[in-house]
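This report walks through one structure, feature by feature. Look at the sequence and the 3D view, then read on.

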Amino acid sequence: MPDRPSEIDLAPYIDHSLLDPIAPPERIDDLCRQADRFGFASVCILPCHVSRAVELLHNCRPKVSTVISFPLGASTTAVKLYEALEAKEAGAQELDVVLNLGWLKAGKSDRVHAEIARIVEETGLTVKAILEMTVLTEAEKRLAAELCADAGVAYLKTSTGWRGGATLADVALLQEVTGGQVGIKASGGIKTVEGAIALIEAGATRLGTSRGVQLMQQWRDRASKGAD
């Protein structure tokens, strides 16, 4: 981890997201062009747009991410797996999968673990488990992180953004629980460069945001002022 914020290259942390269900295809085109121009880690889009994004980003740096059972996580395991495999067939490289929070809160840890482990194993893709930490107790946050890490996910994602956003405390907690062995995606409510840097310094290795372009504009303004 860089010692000073000025040493952080912000763009590779960003999952440039557009999860608005009424977004027309033209906005997906814009999102992909922006992601390629800035060198973002990925675009994160709804499953119906995966094929289009894959075509637009062929041979480009940004990966194509999509969401599974978004935003509720309450689909059956069979439906989640089908959705995940269909996304893979369409060319998605990363899957942001919402946990079944009802199972977690009901103490059905074995079912939570089995579901996410099956998706990881059968798709072979980079899986980010969405924990929706704003609705969990601290004990539930720790349990969810442990279950998903053991199931083989590549990242733990703080939230969908539909029930609140990422906090420094939650990122730090995930960093503590996993000991840096699993990536951490802070998602939701990231509006400023200062906020983004703080999340990275707390342990985030990805940032899920619909404001990627605005953040990069702020970043460049900040850099130019620092050079004056």
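Helix α5 covers residues 109-123 and has 15 residues. From its first C-alpha to its last it reaches 22 Å, close to the 21 Å expected at 1.5 Å a residue. The expected span is 1.5 Å times one less than the number of residues. Helices (H or I, at least four residues) and strands (E, at least two) are DSSP runs, numbered from the N terminus.

This is a predicted model, numbered from 1 along each chain as its sequence is written. Local features need pLDDT of at least 70, side-chain atom pairs count only at pLDDT 80 or more, totals for chains, interfaces and linings use all residues, and side-chain values use heavy atoms, with hydrogens and water left out.

**Around α5**

Which residues of α5 are buried? They are V112, E115, I116, A117, I119, V120 and T123. Buried means under 20% relative accessible area, exposed over 50%, and partly exposed in between (1.4 Å probe, protein chains only). The buried residues of α5 pack against α3, β4 (94-98), α4 (101-105), β5 (126-130) and α6 (138-151). R111 also lies in α5. At 40% relative accessibility, R111 counts as partly exposed. Just after the helix, G124 takes a positive phi of about 70°.

**Two helix pairs**

The table sets out two packed pairs. Axes are lines fitted to C-alpha atoms, for helices over the stretch in contact, and angles run from 0 to 180 degrees between N-to-C directions.

| Pair | Axis distance | Angle |
|---|---|---|
| α3 and α5 | 10 Å apart | about 25° |
| α7 and α8 | within 8 Å | roughly 20° |

Angles under 35 degrees count as roughly parallel, over 145 as roughly antiparallel, 65 to 115 as roughly perpendicular and the rest as oblique. α3 and α5 are therefore roughly parallel to each other. α7 and α8 are roughly parallel to each other too.

The crossing of α3 and α5 is right-handed. Contact means heavy atoms within 4.5 Å. In this pair, the contact is made by T77, K80, L81, A84, L85 and K88 of α3 with E115, R118, I119, E122 and T123 of α5.

The crossing of α7 and α8 is right-handed. A crossing is right-handed if the near helix is turned clockwise from the far one by less than a right angle, and left-handed if anticlockwise. Here L168, V171, A172 and Q175 of α7 meet A198, L199 and A202 of α8.

**Aromatic pairs**

How many aromatic pairs does a search of the whole structure find? The count is 2. Rings of Phe, Tyr and Trp (its six-membered ring) pair if their centres lie within 6.5 Å; planes under 30 degrees apart count as stacked, over 60 as edge-to-face and the rest as tilted.

F38 and F40 are stacked, at 5.5 Å centre to centre with 20° between the planes. F38 is buried at 11%, and F40 is buried at 0%.

The rings of F70 and W162 are edge-to-face, because their planes stand at 90°, with centres 5.8 Å apart. F70 lies in the loop between β3 (63-68) and α3 (77-90), and W162 in the loop between β6 (155-157) and α7 (168-178), so the pair ties together parts 92 residues apart in sequence. F70 is buried at 18%, whereas W162 is exposed at 53%.

**Backbone details in the loops**

The peptide bond from F70 to P71 is cis, with omega near 0°. P71 sits in the loop between β3 and α3. S69 lies in the loop between β3 and α3 as well. Phi of S69 is near 55°, a positive value in a residue other than glycine.
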